[in-house]
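Me: I have a structure to read for the first time, and I would like to go through it slowly, in questions and answers.

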Amino acid sequence: MPATPDNPAFGSVDDVAERFAAHGYIADRRLATTVFLQTRLDKPLLLEGPAGVGKTELAKALAAATGRRLLRLQCYEGQDESRALYEWDYGKQLLYTQMLRDKIGDLTADAPDLASAVLRIEEQDSVFFSDRFLAPRPLLDAVRGEQPAVLLIDEVDRADEALEAVLLECLAEYQVSVPEIGTYTAKVPPYVVLTSNNTRDLSAALKRRCLHLFLDYPDAGRELEIVRAKDTGLPEAAARHLVDVVRGLRELPLRKSPSISETIDWARTLAVLGVDELGPDVLADTANVVLKYERDLHRALDVLPRLVDPNRALPEPGHHHHDGHHHHHPHGHGQPDEETDGRDVRTAMDRQGRHDEGYYGAPGAGPTHRTAPGAGQGARSFAAVARRRTD
């Protein structure tokens with residue numbers, strides 16, 4: 001039901017938390033308060049934070065909890081405004097032109113000269129530049145649509161600054177201008193959620209128009225609640241233990257820390273394998289569910305026994321385990337040196353302007369060769385777990 005002053009989407013902050021929980025999204029007090037203010041103030045909400053902490057899922061939960069349709073604009077480098085606002089259906093216009101060719105002939109049949117004929121045709125421009133030929137994209141659809149919407153502008157930090165400027169009119173006034181037709185203004189303002197992984201700084205003008213919230217990794221209790229809410233099938237004790245292990249992995253200098261969504265994937269993986277109690281072996285064989293870089297995987301395997309059992313003595317970093325797993329630590333082949341801090345790597349990846357160089361199609365010489373994959377990638381699989389259970 002549309003939100004109006006007499007019929008707000010949410011009755012209170014507690015109502016936000018309860019309705020989100022009913023759709024599997026566990027919101028803390030600060031998040032629920034921000035969402036409540038968003039719906040009352042009709043302001044966009046900008047969510048910033050690491051990938052995989054629930055920014056996109058929040059928009060989905062907001063749409064489900066309010067009964068609004070979800071419109072998603074996925075941002076990417078080089079995206080132009082036509083992909084975000086609207087496009088003209090030129091094929092349909094051409095078809096109409098062919099169908100109306102005879103009518104145009106009748107219209108200009110008694111024109112005394114060419115100029116008069118062109119003038120008569122120009123007077124019919126509105127026939128070809130009208131709503132029937134307009135193909136709306138997410139921004140225009142959210143503004144022009146008859147049904148209330150939640151507009152998700154995902155990973156806005158990956159869009160070019162030109163598209164960011166286009167967003168300002170939409171976010172400030174909830175309107176979109178089409179030069180050939182006019183300005184569309186939303187009858188019911190959409191709830192707008194923008195997400196950013198902080199790969200570049202957003203403009204002050206964009207941030208000024210939005211409520212802002214930084215989403216970080218949750219504490220252990222809330223993360224366990226999230227795992228429970230997703231009904232992964234993993235027993236309670238194992239789920240609690242897994243959350244502690246993941247939190248321990250996040251303390252390591254990894255290039256990419258495990259996200260909440262990956263914690264859920266890991267829990268489901270272990271449940272499928274029938275794991276009731278966590279051990280170093282089964283975690284080592286399935287750690288690639290949450291660790292997507294080979295160097296991160298090697299670093300984690302060195303400490304997994306301690307994370308599972310804090311009283312267990314650890315081998316020296318880089319030494320082979322005595323649990324039957326032999327792990328080669330490759331240097332080169334696209335892998336950072338072992339002495340390189342993963343946080344420095346992430347900082348370099350997230351520096352402003354990093355997308356302006358070094359990618360295929362960038363101005364200049366560009367990369368001269370492909371990087372060879374690291375040795376041993378993909379060698380570890382779930383088959384080892386299955387074999388042990390059938391032996």
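Me: Which residues does proline 189 touch, not counting residues up to four places away in sequence?
Reply: This is a predicted model, in which local features need pLDDT of at least 70 and side-chain atom pairs count only at pLDDT 80 or more, while totals for chains, interfaces and linings use all residues. Residues are numbered from 1 along each chain as its sequence is written, and side-chain values use heavy atoms, with hydrogens and water left out. Taking contact to mean heavy atoms within 4.5 Å, and leaving aside residues up to four places away in sequence, the residues that proline 189 touches are Asp42, Arg68 and Tyr174.

Me: Where is proline 189 placed, and what is its relative accessibility?
Reply: Helices (H or I, at least four residues) and strands (E, at least two) are DSSP runs numbered from the N terminus, and proline 189 has its place in the loop between S7 and S8. Buried means under 20% relative accessible area, exposed over 50%, and partly exposed in between, with a 1.4 Å probe and protein chains only. Proline 189 counts as partly exposed because its relative accessibility is 22%.

Me: What distance separates the C-alpha atoms of proline 189 and valine 143?
Reply: Along the chain, proline 189 and valine 143 are 46 residues apart. Their C-alpha atoms, however, are separated by 7.0 Å.

Me: Where is aspartate 42, and what is its phi?
Reply: Aspartate 42, one of the residues that proline 189 touches, sits in the loop between helix H2 (29-41) and strand S1 (45-48). With 35% relative accessibility it counts as partly exposed. Its phi is positive, although the residue is not a glycine, and lies near 55°.

Me: Which residue meets glutamate 146 in a salt bridge?
Reply: Side chains of opposite charge can pair when their charged atoms come close. A salt bridge here is a side-chain nitrogen of Lys or Arg within 4 Å of a carboxyl oxygen of Asp or Glu, and the structure holds 14 of them. In one of these, at 3.7 Å from N to O, the partner of glutamate 146 is lysine 187.

Me: Why does the pair of glutamate 146 and lysine 187 tie together parts that are apart in sequence?
Reply: Both glutamate 146 and lysine 187 are exposed. Glutamate 146 lies in the loop between helix H8 (138-144) and strand S5 (149-154), whereas lysine 187 lies in the loop between strand S7 (182-185) and strand S8 (191-196). The pair therefore ties together parts whose separation in sequence is 41 residues.

Me: Which residues are joined into one network with Arg228?
Reply: The side chains of arginine 228 and glutamate 236 meet in a salt bridge of 2.7 Å, N to O. Arginine 228 is partly exposed, with a relative accessible area of 42%, and glutamate 236 is partly exposed as well, at 36%. Through salt bridges that share partners, the residues joined with Arg228 are Glu236 and Arg240.

Me: At what angle do the axes of helix H11 and helix H13 cross?
Reply: Axes are lines fitted to C-alpha atoms, for helices over the stretch in contact, and angles run from 0 to 180 degrees between N-to-C directions. The axes of H11 (residues 220-229) and H13 (residues 260-272) come within 10 Å. The contact is made by Glu223, Ile226 and Val227 of H11 together with Ile260, Thr263, Ile264 and Ala267 of H13. The angle at which the two axes cross is roughly 55°.
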